[in-house]
Amino acid sequence: MTPEKLVQIATENQEPDWVIEKRRMALDVVDELSLPKIQRFDFHNWQMTPDVKGNVTTPVTSNDDYELMDIFDAINKYPELMQKYYMQKVISPDENKLTAYHTAFMNQGVVLYVPKNTTVREPIEINLVQDAEKPFVAHVLIIAEENTHFSFIQKMTTSGDQKAIANCIVEIVAKNNSDIKYAAVDELGENVTTYLSRRAYVGQNASVDWSIGMMNLGNTVADFDTDLYGEGSHAEIKVVDITAGRQQQGVNTRVTNYGKHSIGHINQRGVIMDRSKLIFNGIGHIIHGASGANAEQQNRVLMMSSKAHGDANPILLIDENDVLAGHAASVGQVDQNQLYYLMSRGIDKKTAERMVIRGFLGDVLVSIPSKEIREQLVQTIERKLENGQKISENS
């Protein structure tokens with residue numbers, strides 16, 4: 001699509017000048033930028049940047065304690081707020097080819113604004129449904145003012161089985177003394193090639209806890225980043241991933257400690273079946289000056305097939321002396337002694353394998369603070385395992 005055509009479509013959609021200019025500038029540089037780098041994972045031959053035409057309205061619900069808006073409504077209602085935070089403070093449009101593409105062609109999304117000194121007791125939930133007949137370029141922007149406390153649940157699914165592209169970005173601004181618990185269940189379709197980027201800017205004594213269930217059925221590249229800028233800021237990132245068939249997934253999960261006494265913990269668990277591929281990169285970076293910081297991580301992959309390929313790569317970048325940092329990583333096959341014990345009690349092999357998988361993932365699942373999201377994720381895991389076993393039987 002030419003810049004002139006993009007501007008014409010945005011103008012027809014009655015978008016303000018600053019949004020049109022942001023789109024045009026992103027489109028101007030998209031071909032010059034590189035794809036994001038996922039170590040030990042090559043996706044350069046994937047088709048991830050088709051043209052997008054037209055915007056989609058996202059259904060949302062309102063509440064007296066916060067504002068949850070369709071992103072285009074938010075652009076028109078709160079232009080100053082959106083200019084300050086949308087693809088500005090947390091993620092830059094020109095960060096890589098896929099963030100530029102997202103900025104140029106974003107066609108749906110939601111904005112959550114929680115005002116100062118607000119505690120929301122019930123989880124805030126959204127469900128983004130991709131229409132497989134068109135590209136899905138969805139944006140979620142969460143702005144938590146000072147001293148706010150809430151949980152946010154995001155689910156993504158696909159309607160239709162056509163070959164399609166998904167490019168989804170989540171930006172979180174967690175101001176001082178805010179506490180956000182973000183949970184996601186991703187279940188996009190088998191024929192969907194997906195780019196996921198989730199990032200948080202975390203202020204002084206603020207915390208963001210991520211609980212992410214990556215249950216997509218298609219190929220996926222994911223970039224999860226948390227920037228701990230404030231002193232005493234805190235992040236816990238928990239990722240569960242299952243791959244099956246010939247699926248390929250590459251995941252970067254990074255925490256960067258800028259603030260003194262900031263704490264960032266990563267815990268990733270993956271299960272790979274059939275001929276699938278899963279790469280976990282856990283990256284902990286402590287910047288010079290972040291004294292008293294803590295960066296620890298676990299990256300573990302369970303192989304259910306000798307034909308599968310998995311990597312768990314811990315990376316620690318330490319530029320300060322007075323810190324605590326550590327990592328653990330493993331890639332291995334299912335424990336045959338565990339299987340033998342279960343089968344000796346009359347349990348068939350398929351059921352025994354699924355019990356071992358549930359036990360392997362349990363360490364992460366039980367740490368997810370939301371009971372609702374735990375139950376949803378367990379149900380999704382069961383569907384994914386059932387689908388993987390059917391693939392194995394037919395291959």
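## Elements and model

Helices are DSSP runs of H or I with at least four residues, strands are DSSP runs of E with at least two, and both are numbered from the N terminus. The structure described here is a predicted model. In that numbering, α1 covers residues 3–12 and α5 covers residues 97–105.

## The largest cavity

Two cavities of 30 Å³ or more are present in the structure. The largest has a volume of about 80 Å³. Its lining comprises 14 residues, and those nearest its centre are Leu6, Ile9, Arg23, Val52 and Asn55.

Helices α1 and α5 each provide at least two residues of this lining. The greatest contribution comes from α1, which supplies three residues. Sorted by class, the lining of the largest cavity holds seven nonpolar, four polar and three charged residues.

## The second largest cavity

The second largest cavity has a volume of about 30 Å³. Its lining is formed by Val255, Gly264, His265, Ile266, Gly284, Ala295, Glu296, Gln297 and Leu316. Strands β13 (263–272) and β15 (294–303) each supply at least two of the lining residues. By class, four residues of this lining are nonpolar, four are polar and one is charged.

Helix α5 is largely enclosed by the rest of the structure, because nine of its nine residues are buried. The residues concerned are Lys97, Leu98, Thr99, Ala100, Tyr101, His102, Thr103, Ala104 and Phe105. The elements that cover them include the helices α1 and α2, together with the strands β4 (136–144), β6 and β8 (192–202).

## Packing of α2 against α5

Two packed helices are described by the angle between their axes and the distance between the axes. For α2 (residues 17–29) and α5, the angle is about 145 degrees and the axes are 7 Å apart. The crossing of α2 and α5 is left-handed. On the α2 side, the contact is made by Lys22, Arg23, Ala26, Leu27 and Val29, and on the α5 side by Ala100, Thr103, Ala104 and Phe105. Six of the residues in this contact are nonpolar, one is polar and two are charged.

## Phe43, a buried loop residue

Phe43 is located in the loop between α2 and β1 (67–70). Is this residue buried or exposed? Phe43 counts as buried, because its relative accessibility is 1%, and the limit for that class is under 20%.

Leaving aside residues up to four places away in sequence, Phe43 touches Leu35, Pro36, Ile38, Met48, Leu98 and Val221. Phe43 and Gly359 are 316 residues apart in sequence, and their C-alpha atoms are 31 Å apart in space.

## Two residues with positive phi

Most residues other than glycine have a negative phi. Asn147, although not a glycine, has a positive phi of about 60 degrees. Asn147 lies in the loop between β4 and β5, and it counts as partly exposed because its relative accessibility is 33%.

His261 likewise is not a glycine and has a positive phi of about 60 degrees. Its position is in the loop between β12 (248–257) and β13. With a relative accessible area of 46%, His261 is partly exposed.

Lys163 belongs to the loop between β5 (149–159) and β6 (164–174). Its relative accessible area is 77%, so Lys163 is exposed; the class requires a value over 50%. When residues up to four places away in sequence are not counted, Lys163 touches Ala132 and Asn191. Lys163 and Met303 are 140 residues apart along the chain, with 28 Å between their C-alpha atoms.

Tyr341 is part of helix α6 (residues 336–344). At 47% relative accessibility, Tyr341 counts as partly exposed. Tyr341 and Ala352 are eleven residues apart in sequence, with a C-alpha to C-alpha distance of 9.1 Å.

Technical notes
Residues are numbered from 1 along each chain as its sequence is written. This is a predicted model: local features need pLDDT of at least 70, side-chain atom pairs count only at pLDDT 80 or more; totals for chains, interfaces and linings use all residues. Side-chain values use heavy atoms; hydrogens and water are left out. On a 1 Å grid over the protein atoms alone, a cavity is a set of points where a 1.4 Å probe fits but cannot get out, and a pocket is an open set with protein on both sides within 12 Å along at least five of seven lines; lining residues have an atom within 4 Å of a point. Grid points are joined across faces, edges and corners, and a volume is the space filled by probe spheres set on the points. Ala, Val, Leu, Ile, Met, Phe, Trp, Tyr, Cys and Pro count as nonpolar, Asp, Glu, Lys and Arg as charged, and the others, Gly among them, as polar. Buried means under 20% relative accessible area, exposed over 50%, partly exposed in between (1.4 Å probe, protein chains only). Contact means heavy atoms within 4.5 Å. Axes are lines fitted to C-alpha atoms, for helices over the stretch in contact, and angles run from 0 to 180 degrees between N-to-C directions. A crossing is left-handed if the near helix is turned anticlockwise from the far one by less than a right angle, and right-handed if clockwise.
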